Amino acid sequence: MHVNEAEFLQGISGFLGSYYVTLAVLNGIAALYVWERLEKSRLALVWLALAVFFLALSPLAFSGDSRMMGIISVPGSIRNLVNVVMGIPWAYSTGTLVFLSLLYFFRKFFVKPVVAWSGLNAALLLMGLSITNPSFATIVTKPDNVPIVGLVFLLGFFTWLGANKAVTNDQRMKQGLEPTEKMNSEKILVWPDLVYTELICMIALTALLLVWGILLQAPLEEPASSVKTPNPSKAPWYFLGLQEMLVYYDPWMAGVVLPSLIIFGLMAIPFIDFNKQGNGYYTIEQRKFAYLTFQFGFLVLWVTLIVLGTFLRGPNWNFFGPYEIWDPHKVEALNNIDLSEYFWVIGLERALPSAPAGAGAIEQIGYIILRELPGILLLAGYLLVMPPLMAMTVFRKFFFRMGFLRFMLLANLLLFMMLLPIKMVLRWTVNLKYIIHIDEYFLNF
Amino acid sequence: MPPLGEVIRNSQIWKSIFRHPMPTDRRNRIVVMLTNFFLHLHPVSVKKQGIALSFTWCMGGVTFFLFLVETITGVLLMFYYRPTIEWAYNDILALRDVMSLGIMREIHRWGAHAMVITVWLHMYRVFLTGSYKPPREFNWVVGVILLLLTLLLSFTGYLLPWDQLAIWAITVGSNMARATPFLGHEGPGAAILTVGGIDMITDASDARFGLLGARFVGEETLNRFYVLHCIALPLAAALLLAIHFWRVRKDGGISAAM
């Protein structure tokens, strides 16, 4: 991990220099496009100025000199601040949730191409300023992590694109017009219009894969050894959201039950969603509940946990800020407390119920159930009381339109999905370890 | 003498393959879609709006293309790679350092990562446009299974280089299986499954053992994952892909505003 700072900066100088040149070219193209097609000369000047700015950064990067690189880096004080702030357990998850909520609530503003392009430039500049930090660079440029950097930008783009179209359609439909997708019902022949698109796509993709393959070598570490456990040991990146869930739930939940429910829940979507509107065109207003639930599950619970697991989880699965060195000796206090302990020991100030010596099997189980009764009641209450409660209150209209079975399916899937954020919040606030803790039968919940 | 192209197109061989003239007029552009095996996956005509790039994002097609890339590069890699503990790592090393066309491994790996991403993006688009709604409910279900198969294909392939990255990622991933309720030896409920005091679920008979073929990631696992990766899962994926595409046509063609 201890890389010579100067050598490291020399090593990335070529990449970083070309990175800024690329950004300059991109903004140059944007300026040209805005000038020629949209005929907005003032906006074109802004992008042109930005292009010049990026172009000016590139020689600093190409130099590889540590003083020059210092200028184009995130200042140390800010880096420390980011590390400290993100080190607060709830900061990352809550922060991303707040950020995505802001994007959602002010979507009419954010879907404007100008805003999106500015945001993209800001994100790319931040990447560039950060990559001069060895810790950041090591993690982001690890060959198997590069796809996730790509995923984040692709998701950003496609979420923006979808929202952009949805906002346009929603505004049109508010005025009584039909969505843009319905305006043109013209049919065209597949040969040549579609097959040529496909051919061009295939050629472009082949070129992309070849360039990617030439520029970036597939990772190959030391030969496998069952005695040398790497720290951290990570699953493939697309399963890191599940691995992250292991912080909050035992493997039987995080690794088996919840993933199965994700797959089952995805399959159930078309049979739960009784809303006939919004079939074949982008819209948010017409299917707000479906949209928000999916985005919460996909972007908040799935993607941000993958990003967290990939970039911010280091040795011993400890949390590390983006600019923090992965120190394997970092100690994190683990004072998590079971609900049973909260109830019996802290609440009632007595010892946990345990079977007297020489008790029979049935009696032992009885004592275990007594010990975990608060958690069992709580969970049973959650799963049994919540659905009728939901049906009578917020989901009243849903319940009547969906019918009993459909509604129960929806309610239970939602309740299981919320188990993760609920446990997260309980962990952050009251250090809750297990709601039900039955080590004797591997039944920890 | 007529131009060479014309000679070729008038030859018996050409005409035996393509039973109609070049698709330059409306009639032949329709006929070509009906008489060509590869093209007949498509309809003859589509809604213009349905194939607009900003609408479809093209991600389903890209995923299928990547599946083909993975198949072709995978077959080429199979000619070279031997799935045994003695050779697996060395063969990958040689692919990297000495083999011409060793870049096939890079393409295979990056293509695999890209495929996971494009499957997600495809599903994302299908969700955002509500295209899973009737009559396409079942095809969405098929698609979810294809998502699962894509992840499993990638997961099983992850082990094959037999380096530290590989076995520990698979160890972490497959450790989950031993906590399977009832079927894992450290899962809740497994203790109940005893017959006459003998445990039915042990570390040599549980779900993880079934996955790995052993108590830990070893020789048997490499073989098992190799067969899954190269034969079982691709066959399953190919079958479901066929159903998926067929249902796209039967359920009203590619998604467009209803």
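Predicted model: local features only at pLDDT ≥ 70, side-chain atom pairs only at ≥ 80, totals over all residues.
**Exercise 1.** How far does helix α5 of chain B reach from its first C-alpha to its last, and what covers its buried residues?

*Solution.* Start with the helix itself: α5(B) spans residues 59–80, which makes 22 residues. From end to end it reaches 31 Å, close to the 32 Å expected at 1.5 Å a residue. Next, look for residues under 20% relative accessible area. Among the buried residues of α5(B) are Met59(B), Phe65(B), Leu66(B), Glu70(B) and Leu77(B). Finally, see what lies over them. From chain A, the cover includes α9 (146–174) and α11 (190–215). From chain B, it includes α4 (53–56), α6 (88–97), α7 (103–128) and α11 (219–250).

**Exercise 2.** Which residues line the largest cavity, and which helix gives the most to the lining?

*Solution.* The model has two cavities of 30 Å³ or more, and the largest holds about 60 Å³ of space. Its lining is made up of Arg107(A), Lys108(A), Val167(A), Asp170(A), Gln171(A), Lys174(A) and Glu285(A). Now sort these by helix: α6 (107–110) and α9 of chain A each supply at least two residues, and α9(A) gives the most, with four. By kind, the lining has five charged residues, one polar and one nonpolar.

**Exercise 3.** Into how many nonpolar, polar and charged residues does the lining of the second largest cavity divide?

*Solution.* This cavity has a volume of about 40 Å³. Its lining includes Thr159(A), Ala163(A), Tyr282(A), Ile284(A) and, from chain B, Leu128(B). The largest share, four residues, comes from α9(A). Sorting the lining gives six nonpolar, three polar and no charged residues.

How values were computed: Residues numbered from 1 in each chain as written. Chains lettered and ligands numbered in written order. Heavy atoms only, no water. Expected span 1.5 Å × (residues − 1). Buried < 20%, exposed > 50% of the residue type's maximum accessible area, 1.4 Å probe, protein only. Contact = heavy atoms within 4.5 Å. 1 Å grid on protein atoms, 1.4 Å probe; cavity = no way out; pocket = protein on both sides within 12 Å on 5 of 7 lines; lining within 4 Å. Points joined across faces, edges and corners; volume = space filled by probe spheres on them. Nonpolar A, V, L, I, M, F, W, Y, C, P; charged D, E, K, R; others polar.
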